[in-house]
Amino acid sequence: MSDWSDLDTWWQRELTEDPSYQAEVRPLFLELLDHSPGEVILDLGTGTGWVLEELGRRRCTGIGVEINPNLAAAAFEHGPVVVAALPDLSWCRDDAVDGVTAVLVLEHLADIATVFGEAGRVTRSGGTFTLVINHPQITAPGSAPVVDPVDGEVFWRWGEYLETGSTEEPAGDGAVTFHHRTMADLLTTAAGAGWVLETVIERGLPDELVEGDPLLALQQGLPRLLGVRWRRA
Ligand SMILES: C[S@@+](CC[C@H](N)C(=O)[O-])C[C@H]1O[C@@H](n2cnc3c(N)ncnc32)[C@H](O)[C@@H]1O
């Protein structure tokens, strides 16, 4: 199971080379983000800190939480960063922040009940949790496109959607762990920690990414990303 200690080079390359980040992930996150100038937001698994940069542009204060010291050093250009291992937020006092953000991080964490609980403890009443993750439809172990060899039609194999479990995906010279949980698990766990659902967005591939690629075009009706915003009761 990866602790991300050797994945910083791979992740920095992914961020710059994978067009889906600019075309899909970033726009979805910005659509969900609802913060006023002056607010303080904790960005979980901040990576190189592009969320901190965006928060700064909105005159908010972003504070990153990051396990990998090299990524934390890169993020430090955009704001303060705490080098710490999630889901532990015991270093942060109760009701300290106006919100928590997590972009493509939750699927790498095994214990989401503690993530939602701790995020709720440190967020003031009325604050938000803004989440973007790979859609549970594509994180299920065994989930993959299947191409009919006769006519080239593409089908989607659901895999073990109803199970919780994890998969190891290649990442540079190593591997990265994805934890799968169903939509029901995700929403029920968040509700159990006192988060009130405000918005859910399911997103498929945008036109600009499928142009000229028939395999991707045939998957365009499938959800790839899930964005959710909750509010603290
Ligand atoms: C897929 S990257 C996303 C980075 C960033 N949120 C972004 O959108 O560019 C996942 C990030 O979560 C961090 N991470 C993974 N497990 C973590 C943990 N247990 N505690 C803190 N950070 C963690 C990784 O080091 C990495 O920076």
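This is a predicted model: local features need pLDDT of at least 70, side-chain atom pairs count only at pLDDT 80 or more; totals for chains, interfaces and linings use all residues.
Reader: OK, strands now. Is β1 mostly covered or mostly open?
Author: Mostly covered. β1 spans residues 40–44, and four of its five residues are buried.

Reader: In which sense do β1 and β2 pair, and over how many bridges?
Author: They pair in the parallel sense, over five bridges.

Reader: And β1 with β4? Which sense, how many bridges?
Author: Parallel, over four bridges. Strand β4 covers residues 97–103.

Reader: What stands opposite L44 in β2, and what in β4?
Author: In β2, V65 stands opposite L44. In β4, A102 does.

Reader: Switching to β8 and β9. What is the sense of their pairing?
Author: Antiparallel, over seven bridges. β8 runs over residues 165–171 and β9 over residues 174–180.

Reader: How many residues lie between them in the hairpin, and what is the phi of G172?
Author: Two residues lie between β8 and β9. G172 is in the turn, and its phi is positive, about 60°.

Reader: What stands opposite A171 in β9?
Author: G174 does.

Reader: Back to helices. Which residues of α5 are buried?
Author: Helix α5 spans residues 112–122. Its buried residues are I112, V115, F116, E118, A119, G120 and V122.

Reader: What covers the buried residues of α5?
Author: The cover includes the strands β1, β4, β5 (123–134), β10 (195–203) and β11 (225–232). Helix α7 (183–192) is also part of that cover.

Reader: Where is A110, and is it buried or exposed?
Author: A110 sits in the loop between β4 and α5. It is exposed, because 12 other C-beta atoms lie within 10 Å, and a residue with 12 or fewer counts as exposed.

Reader: How are the C-alpha atoms of A110 and G126 separated?
Author: By 27 Å, with the two residues 16 apart along the chain.

Reader: And P19? Where is it found?
Author: In helix α2, residues 19–32. P19 counts as exposed because it has 10 C-beta neighbours inside 10 Å.

Reader: What separates the C-alpha atoms of P19 and E208?
Author: 9.6 Å, although P19 and E208 are 189 residues apart along the chain.

Reader: Zooming out. How many helices and strands does the protein have?
Author: Nine helices and eleven strands.

Reader: Why is it as compact as a globular protein of that length?
Author: Because its radius of gyration is 18 Å, close to the 17 Å that the globule rule gives for 233 residues.

Reader: What box do the C-alpha atoms fill?
Author: Roughly 60 × 35 × 35 Å, taken along the principal axes.

Reader: Last one. What share of the residues is buried, and what share of the contacts is between residues 24 or more positions apart?
Author: Of the 233 residues, 35% count as buried. Among contacts with a separation of 6 or more, residues 24 or more positions apart account for 63%.

Conventions. Residues are numbered from 1 along each chain as its sequence is written. A residue is buried if 20 or more other C-beta atoms lie within 10 Å of its own, exposed if 12 or fewer, and partly exposed in between; C-beta atoms are placed from the backbone. Two strands pair if DSSP finds at least two bridges between them. The radius of gyration is taken over C-alpha atoms; the globule rule is 2.2 Å times the number of residues to the power 0.38. Two residues are in contact if their C-beta atoms, placed from the backbone, lie within 7 Å.
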